[in-house]
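Hi,

Here is the model I promised you.

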Amino acid sequence: MKSIKNMALEITDANFEETVLKSDKPVVVDFWAAWCGPCRMVGPIIDQISEEYAGKAVVGKVDVDANQEFAAKYGVRNIPTVLVFQNGEVVGRQVGVAPKNAYTDAIDALL
């Protein structure tokens with residue numbers, strides 16, 4: 001896990017279940033890859049949300065090149081794809097670049 005301020009959690013196949021599925025808070029997961037241009041636009045938004053919702057929601061990123069298990073399980077075909085989880089279930093999905101409020105509205109609806 002990265003401990004740099006303003007950074008979303010690094011979520012991997014190894015910690016996905018613990019971090020995402022067993023969380024008692026809403027979880028936002030950005031599925032991305034380093035080579036993906038649109039992902040680089042979404043990344044800073046996700047980092048901002050991570051800081052703003054610290055303690056209220058879990059916000060993280062999955063590098064789909066290194067971690068394919070859960071990307072495949074949740075049908076992530078295009079990136080960036082941001083999934084919102086509540087109690088281990090997907091309750092929101094945003095494919096492609098979206099404005100920040102598209103993500104924050106989804107979290108706010110669960111808080």
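The structure has 1 disulfide, a term used here for a pair of cysteine sulfur atoms within 2.5 Å. Its partners are Cys36 and Cys39, with 2.3 Å from S to S. The link of Cys36 and Cys39 is right-handed, with 80° about the S-S bond. Both Cys36 and Cys39 are buried, where buried is under 20% relative accessible area, exposed is over 50% and partly exposed is in between (1.4 Å probe, protein chains only).

Before you read on, a word on where this comes from: it is a predicted model, in which local features need pLDDT of at least 70 and side-chain atom pairs count only at pLDDT 80 or more, while totals for chains, interfaces and linings use all residues. Residues are numbered from 1 along each chain as its sequence is written, and side-chain values use heavy atoms, with hydrogens and water left out.

Now the fold. The protein has 4 helices and 5 strands, and from the N terminus on they run β-α-β-α-β-α-β-β-α. Helices (H or I, at least four residues) and strands (E, at least two) are DSSP runs, numbered from the N terminus.

On overall size, the radius of gyration is 12 Å, which agrees with the value near 13 Å that a compact globule of 111 residues would have. That radius is taken over C-alpha atoms, and the globule rule is 2.2 Å times the number of residues to the power 0.38. Along the principal axes, the C-alpha atoms fill a box of roughly 30 × 25 × 25 Å. Buried residues account for 43% of the 111.

As for contacts (heavy atoms within 4.5 Å), take those between residues at least 6 apart in sequence: 68% of them join residues at least 24 apart. The protein exposes about 5900 Å², with carbon and sulfur atoms supplying 51% of that; the areas come from the Shrake-Rupley method with a 1.4 Å probe, and for residues only the protein chains shown count as cover.

You'll find Ala57 in the loop between helix H2 (37-52) and strand S3 (58-63). Ala57 counts as buried because its relative accessibility is 8%. Setting aside neighbours within four places in sequence, Ala57 is in contact with Lys25, Pro26 and Ile107. Ala57 and Ile107 are 50 residues apart along the chain, yet 7.5 Å separates their C-alpha atoms.

Cheers
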